[in-house]
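Subject: Structure for you to look at

Hi,

Here is the structure I promised to pass on. Please open it first, then read my notes below.

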Amino acid sequence: MFLSPDHELIRETARDFALQRVAPGVRERDEAEAFPHDLIPELADMGFLGIYHPTEYGGAGYDTLAFCLVIEEIARWDASLALTIASHTSLGSGHIALAGTHEQKERWLTPLAQGKVLAGWGLTEAGSGSDASGMKTTAVRDGAGWVLNGSKMFITQGSVGGVFVILAVTDRSKGAKGVTAFVVEAGTPGFSHGPKFHKLGMNSSDTRELRFEDVRIPDANRLGDLGMGFVDTMKVLDGGRIGIAALGVGLIRGALEESVSYAKQRSQFGSPIGDFQAIRFKMSDMDMWMEAGRALTHRAAQLKDAGRPHTREASIAKLYTSEHATKAALEAIQIHGGYGYTKEYHPERFLRDAKLLEIGEGTSEVQRMVIGKKLMG
Amino acid sequence: MIRFLGIFRLLKIAKKSAFRMNFIVCIKQVPDVSAPVSIRDGHLQTDSDRMVLNAYDASAVEEALVLTEKHGGRVDVVLIGPEKAKETIRKALAMGAEAGFHIPVEDGAGYDSAGYAAILAAFLKTHSYDAILTGKQSQDTDSGLAGGMLADRLGLPYAANAVGLELEGNALLVKRQGDTAQEMVLVPLPGVVTCSNDMNNPRIPSLKGIMASKKKEVTTVSPAELGLDAAALKPATVVTGYRNVPARNPGKKFEADAEELARTLVGLLQNEAKVI
């Protein structure tokens, strides 16, 4: 497929931004596990925090394909920042865009899409992730409102987010149909976050546990119909997985570009190592993974933009690119030899960041379950 | 209160209108110079078909936008090139230029700087402006001639290789960079200034800018409409081919103790280089 001139311009814009504003300091941010607070207003100005949300609600009014292009360009240098953008846009903001009323979108989606506030999204718990039946967090009717109790685990933007979408059990007897989504704003009494998780990678993305102790919210904060939380969650995740897939494409590209550039300047036995077939074959494979991964990702994005079913395609794209991002990072380290094993070069970070893609928003095993279910009915 | 606000607004408008500047920036689409290029049989070969806005022109667009944001006015851009080059007009519009003019010519029409200057001059005679900006050269040919030739054809004052621009009364104060000092040149308006890429860091268009650029007008003006005769534009100079820079002969390497090395070196300087 070819990109339209519009999408080409968006890609070029995102590439220039990533090179000029994101690439500098990426290793330092990773090392310091520092959330890039200063980059958020710049992302907002660029329109990168509401790419496919409607202009009516503060977004840039583009589509999922444009979103994929931006995520890839950012992830080429800084997967942590790409994860911040992807999760903010497709999960927290995405759930409000999907299930919110006009009033709810005006109130929450607008500042989110404008990038004035970051969104978090709480599904995973200490004892449950993709299996809704294990969910412990509850929301109980209390007069005109609700009272939330429980906790959520590994929540991206946990301490830097201002608006959170939280899934909670409203009727235990109904299983997955007894889960409802609620909006909880930071600062609501009883709502707090735990200390920073020290992770293998994605170090400058903020990951926290969220805690709810008698958190009272009005019914106006209920997102979507009662009991529809998990059904909507599945749709939100379909979109989220496309973002993760684009992130994987960016990481494969990073691994490839760093490898090619190193293979040109590193000489052994009297010639650049890129002249050796052993190195060329590795890079050819990485190039193929990047192209294949991008094609899968863009196809899923276009199906979503056309309003067509894309659960299977999003899972395939996410599964393929995340597993190959890890492989590509390993190959990049191998090509870089001893230097690749140091933190002076990018590939070791690519490896640590890539591994998350095989876990977040449904593990590779869950993706295979999703795809298998589509095959077997 | 409302009356006060009204007066302030009027004052603001009056202040701005005193300095309103209409810029026209001549831009060019060039091949992405970061892509690898090789020479085969006297022809340039490149794997990439990615075309970009000439970086020096991008600085000219940026500077014009900064000045109009400060003093009021508008920025239009004009580009000579094939249909595909309209993408580059879009980029300038997404940065903030208000309207674009496309002068279509065949891809590989082979104009030299004089040809481009003649077309631009013919177009600009039909257009009103206070100042014409353009890059000091284009990244593909590096000729650096079109700006000066254009000023000559229009009979306008001209300054080249600006690293800074300020509006001073009814003139542009052009900052030029030397090795150890800066030169300030006052260019009365209307005038032509060519810009260095050391001038600024051109803005990256936002998604909002890209969206807005779709609604901006791009007018096509053919060379025939400008009354130009194709024969007159025929280049006086012709690029006959390309070849690699001949590799330099490798230097000689000597290994010996200091005394022996000094003796060898003096011998070579006397007998081979004949400098002592």
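Start with strand β5 of chain A, residues 179–185. Six of its seven residues are buried, so the strand is largely enclosed by the rest of the structure. Keep in mind that this is a predicted model.

What does β5(A) pair with? One partner is strand β4 of chain A, residues 163–169. Seven bridges join the two, and they run antiparallel. To find the pairing on screen, look for A:V163, whose bridge partner in β5(A) is A:E185. Strand β8 of chain A, residues 222–223, also joins β5(A), through two bridges. That pair runs antiparallel too. Here A:F182 has A:R222 in β8(A) as its bridge partner.

Now zoom out to chain A as a whole. Chain A has eleven helices and ten strands. Its radius of gyration is 21 Å, close to the 21 Å that the globule rule gives for 377 residues, so chain A is as compact as a globular protein of that length. Its C-alpha atoms fill a box of roughly 80 × 45 × 40 Å along the principal axes. Buried residues make up 54% of the 377. Take the contacts in chain A with a separation of 6 or more: 75% of them link residues 24 or more positions apart.

Helix α8 covers residues 277–305, which is 29 residues. At 1.5 Å a residue it should span 42 Å, and its end C-alpha atoms are 41 Å apart, so the two agree. After α8(A) comes A:G307, with a positive phi near 75 degrees.

Next, chain B. Look for an open sheet of nine strands with mixed pairing. The order is β11-β10-β9-β12-β8-β1-β6-β7-β13. Strands β11 (182–188) and β13 (218–220) of chain B stand at the edges with a single partner each, so one side of each has no neighbour in the sheet. The twist averages 30 degrees from one strand to the next.

Within that sheet, β1 (residues 21–27) and β6 (residues 73–81) of chain B run parallel, joined by seven bridges. B:I27 stands opposite B:L79 in β6(B).

Two helices of chain B lie across strands of this chain. Helix α4 (residues 113–124) lies across β1, β6, β7 and β8, at about 140 degrees to β6(B).

Best wishes

Methods: Residues are numbered from 1 along each chain as its sequence is written. Chains are lettered from A and ligands numbered from 1 in the order in which they are written. This is a predicted model: local features need pLDDT of at least 70, side-chain atom pairs count only at pLDDT 80 or more; totals for chains, interfaces and linings use all residues. Helices (H or I, at least four residues) and strands (E, at least two) are DSSP runs, numbered from the N terminus. The radius of gyration is taken over C-alpha atoms; the globule rule is 2.2 Å times the number of residues to the power 0.38. A residue is buried if 20 or more other C-beta atoms lie within 10 Å of its own, exposed if 12 or fewer, and partly exposed in between; C-beta atoms are placed from the backbone. Two residues are in contact if their C-beta atoms, placed from the backbone, lie within 7 Å. Two strands pair if DSSP finds at least two bridges between them. Axes are lines fitted to C-alpha atoms, for helices over the stretch in contact, and angles run from 0 to 180 degrees between N-to-C directions. The expected span of a helix is 1.5 Å times one less than its number of residues.
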